[in-house]
Amino acid sequence: MNVLGQQMTDAGLWPVFESAIDDVALLLHNQDRRVDYSNRRRLTSNWRLSHGQWMRICADISGLEERGASGDPCVGEAIIWSWANEASYLHSPTVTQRRSMCQVPDRITDEIGSIIRRQRPSFVALSRRLKLYADRLGQACDRGALHADMPTTADALLNSAYQCVPIR
C-alpha cells in the first residue's frame, strides 16, 4: 500500500473517501448533458484560427495591439483548443504539428504560458476573450455546427444568437 493509502487507513478515512468518490460518480452519471471530449478533439483537429480572427480578438485591448498585428495566431489557437477540449495546449494540433516538423515549439509554448499566467489587465482581458471563444467552439462541436464565420469580439461572442466556428 502506498503512503497516502496507509495514512488514510490509519486515520479511518477510507469510508469517507469512498463515499465522496461515489457521490461524484453519481453526480456525473446523472448529468443530462455530458461532454464528449473525444468528439471535440476529433472535430477540432483541423480547426485553425486565422490571422484576421487573432487580430480581432486582440483588438481594443490596450497594450496588445502589436500582439494582434504581428503576433502568432497559433498561440491563441493552441489556448482556445486546449480550453475547448479541457486538454493541455502541449497536445494541441498546432503545437504537435510544430513538434513533428522538427521546429522547436519552445517559442510558442513560452508565449502561451505567458498569456495564461500574466495578471496584467490586458492579458486578463485577452484570456477572457480566448475563454469565450473556446466556450463557443466547444458548444459548436457539441452541436456539430462548425462554420466559417464565428464572431471573435467579446460582445459578438456574448450576444450573437448563432455561433459558428472557422475551419481551415
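**Stop one: Thr 109**

Select Thr 109 and show its neighbours: leaving out residues up to four places away in sequence, it touches Tyr 89, Leu 90 and Val 95 (contact means heavy atoms within 4.5 Å). This is a predicted model, where local features need pLDDT of at least 70 and side-chain atom pairs count only at pLDDT 80 or more, while totals for chains, interfaces and linings use all residues. Residues are numbered from 1 along each chain as its sequence is written, and side-chain values use heavy atoms, with hydrogens and water left out.

Is Thr 109 buried or exposed? Thr 109 counts as buried because its relative accessibility is 13%; buried means under 20% relative accessible area, with a 1.4 Å probe and protein chains only.

**Stop two: helix H8**

Now widen the selection to H8, the helix that holds Thr 109 (helices are DSSP runs of H or I, at least four residues, numbered from the N terminus). Buried residues in H8 include Ile 108, Glu 111 and Gly 113.

**Stop three: the core**

Next, pick Ile 80, Ile 112, Ile 115, Leu 126 and Leu 130, the residues with the most contacts inside the largest nonpolar core, which has 26 residues. Such a core is a set of buried Ala, Val, Leu, Ile, Met, Phe, Trp, Tyr and Cys residues joined through side-chain atoms within 4.5 Å. Helices H4 (51-58), H6 (73-85), H8 (106-117) and H9 (121-143) each give two or more residues to this core.

Note on methods
Buried means under 20% relative accessible area, exposed over 50%, partly exposed in between (1.4 Å probe, protein chains only).
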